[in-house]
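Please look over the sequence and the 3D structure below. A short report follows, arranged by topic.

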Amino acid sequence: MAFGCRFVLLWGVWLLGVVSAAAQPSPHRSSVDSLQQLLRQTRTDSSRVDLLYLLSDQFWASDTDSAAVYARRSLALARRTGNRRGEGAALNRLGAALRESNLSRALQLFQESLRLAEKINDSGLQAQNLRSIGIIYVYLRERKLGLAYYFQALRLDRRIHDRRREVVELSNIGLAYDLYGEVDSAAYYQDQAYALAQQQGSFTNYILYGLGNVARRRGQVAQARAYYRRSLAESRRRGHLRSLNFSYLGLAALHQQLGQPDSAIYYARLGVQAARQNGFLRGVLNGSLILTHEFAQRGQSDSAFHYQTLLVAMKDTLFGQEKVMRLQNVDYQERLRAQQAAAAQQALKVRYQTYGLLAGVGGLLLVLALLVRHNRQQQRTNAALQASLAELKEAQLMLVQREKMAFLGEMTAGVAHELQNPLGFVKQFAAVSTNLINEISGAQQLARDERLEHDLFEGLKENLREISQHGQRATAIIKGMLEHARTGPAVREPTDLNALFHNNLNLAYEGVRQQFPDFTATLNQALAPDLPPLPVVAADLGRVLLNLCTNALYAVRQRRLTAPAGYVPIVEIGSRRLPNGGAELWVQDNGTGIPAAVRARIFEPFFTTKPTGEGTGLGLSLSHDIVVNGHYGTLRVESEEGAGTRFVLMLPAG
């Protein structure tokens, strides 16, 4: 009884901090401060479990890293003290904090929390986990499955008369229908959610965003703008960065629809900023899509490329997880079916044993014969399942590779085609201007200071030549981007490997510098001048070299974080001609090195030593496949832990 009173008191204090938004300038900060003060004062373990997962819930909208820290503390304390209800709530909060960076782990946590909620008969926690699982399947565009989980949660909330949760379920259902382009259904559920929220005094920032989307899709510009601005105001009052991202991007989409690029760019940048502060990767991706398109339309190639790079990075992180999640879901359903079949066989076995006991020795012999038959069937079934799993893994690898390359090609092709025409004009005007100056220099008799005027003409010609050279360089970059986007068979062409290596090292370094502006490294190049051009697929081999250089820069940066003063990050690339006419290329760093146990698996698909969200485990696997299967070469690694790593790539002559 004392525990129940204390929990009600804690929950009341938390709701008071959240609901009194009109009375306090920063309700989110105030609620966090109140909960942290209670946490310092509270000594009972059960109350501390509750306070820790409530703090995780508060931080979820503004700082997912802090949300994960508090959720893990709550989970550890709940398990240590045998608090099953607190354990289930902490599992759910941890899953919510990890949902952006690790969908697979988040789904496992939600399913574990749901099973625990069912065991302790906690309907509210069951509804919360059903909603959380539904959100993941909506992310994956699994319309039927996502909505099924949402409606299960809604039925549970109505059964236990939890109106506040019912508001959330109705709004989520409306947002899902909006995502699938079903505007009338979206409007129906958002209207229900708004009416019920008004009755209950609940927050409406997400609902207002959903109503704004409905109005925008129906062409009701004034209503859409009003809904988005009301959502912005409420999100700011609550300190809710995630819904702030939604509202900013809603306004950006509205201005994009109206053909107002300046306003679209302004609001999309604010949306990306809010998402980055919250760790909301999907929000960063959606904002980058708008910004890439708008800057490309305006011909601002630098800005378009910047946001395209950010978009590819976000998509790479989320894409790898989502596609693997789809396949893991298939695998999960298959394993579930196999477990059900095994359970049915076990039940049949028990039934046969019972019949045998009743029927005597004759019945036992009959049961034995049937069991032998079923055992053989089970062996055949297991063999078929093993073959299916092997095919599934092979299909998984092929699908991830194909989808990832198709996505990169689709994005770069759009920007490349937008930039091709103006670059063509630059080259043409530069050539015409050079011819014109030649005519003037040859035909005109210079007056006054002829030497000075001649020097001016020569300087102008030199400038025009520079314009032409840079235009040709930009055209080469665009050609490379279009090669990345190709869908047909690859064409081998004689390629200057030294130039390709040099360009990809610089590209990798600039990419790392863009992500970590304070990072610097010494880049050494030991490229053999007599290296012959070799017939290779330049786009594919460039992808390999870019990946190896990026990994080397990542390794030296990781070592610099813990190395003593005086450590200088060094990355070296080199090449040499082989006696058989081929070439040897290498990338060497003085980074952290690779342990022997890791080196044995370094080229396996989906194997990575990077933290969650920083790598998909496909880079070296793809690189190995391109070199070995695509170019009939070899790729090996030499490393000493704590001293550095060297990747060596050998290519044949033809």
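Is His161 buried or exposed? His161 counts as exposed, at 60% relative accessibility. The cut-offs are these: buried means under 20% relative accessible area, exposed over 50%, and partly exposed in between, with a 1.4 Å probe and protein chains only.

## Basis of the model

This is a predicted model, in which local features need pLDDT of at least 70, side-chain atom pairs count only at pLDDT 80 or more, and totals for chains, interfaces and linings use all residues. Residues are numbered from 1 along each chain as its sequence is written, and side-chain values use heavy atoms, with hydrogens and water left out.

## The chain as a whole

The chain holds 22 helices and seven strands. Both are DSSP runs numbered from the N terminus: helices are H or I with at least four residues, strands are E with at least two. Of the 654 residues, 45% count as buried. The accessible surface is about 33100 Å². Carbon and sulfur atoms hold 54% of that surface. Areas come from the Shrake-Rupley method with a 1.4 Å probe; for residues, only the protein chains shown count as cover.

Residues 24 or more positions apart account for 65% of them. Contact means heavy atoms within 4.5 Å.

## Helix α7 and Arg131

Helix α7 covers residues 123-139. Its 17 residues should span 24 Å at 1.5 Å a residue, and its end C-alpha atoms are 25 Å apart, which agrees. The expected span is 1.5 Å times one less than the number of residues. The helix is mostly covered, with 17 of its 17 residues buried.

Asp122 caps the N-terminal end of α7. One of its side-chain oxygens lies 3.3 Å from the backbone nitrogen of Gly124. Just after the helix, Arg141 takes a positive phi of about 60°.

Arg131 sits within α7. Why does Arg131 count as buried? Because its relative accessible area is 14%. Leaving aside neighbours within four places in sequence, Arg131 is in contact with Tyr150, Ala153, Arg165, Val168, Glu169 and Asn172.

## Two loop residues with positive phi

Most residues other than glycine have a negative phi. Asn121 is not a glycine, yet its phi is positive, about 60°. Asn121 lies in the loop between α6 (103-119) and α7. Asn121 counts as exposed, at 61% relative accessibility.

His161 also has a positive phi of about 60° without being a glycine. His161 lies in the loop between α8 (143-159) and α9 (163-179).

Phe59 belongs to helix α3 (residues 45-59). Phe59 counts as buried because its relative accessibility is 10%. Val69 is ten residues from Phe59 in sequence. In space, their C-alpha atoms are 9.9 Å apart.

Ser243 belongs to helix α13 (residues 241-257). Ser243 is buried, with a relative accessible area of 1%. Not counting residues up to four places away in sequence, Ser243 touches Asn205, Tyr206 and Ser235.

Helix α15 (residues 281-298) has 18 residues. From first C-alpha to last, α15 reaches 26 Å, close to the 26 Å expected at 1.5 Å a residue. Of its 18 residues, 13 are buried, and the helix is mostly covered. Gly299 follows α15 with a positive phi, near 80°.

Ala313 lies in helix α16 (residues 301-359). Ala313 counts as partly exposed, at 36% relative accessibility. Ala313 and Leu285 are 28 residues apart in sequence. Their C-alpha atoms are 8.6 Å apart in space.

## The cavity

How many cavities of 30 Å³ or more does the structure hold? The structure holds one. A cavity is a set of points, on a 1 Å grid over the protein atoms alone, where a 1.4 Å probe fits but cannot get out; lining residues have an atom within 4 Å of a point. Grid points are joined across faces, edges and corners, and a volume is the space filled by probe spheres set on the points.

The largest cavity contains about 60 Å³ of space. Its lining consists of Arg492, Leu534, Pro535, Val536, His631, Leu651, Pro652, Ala653 and Gly654. Strand β3 (residues 534-536) gives the most to this lining, with three residues.

Note on methods: A polar contact is a pair of N or O atoms within 3.5 Å; within protein, one must be able to donate a hydrogen and the other to accept it, and residues adjacent in sequence count only if both atoms are side-chain atoms. On a 1 Å grid over the protein atoms alone, a cavity is a set of points where a 1.4 Å probe fits but cannot get out, and a pocket is an open set with protein on both sides within 12 Å along at least five of seven lines; lining residues have an atom within 4 Å of a point.
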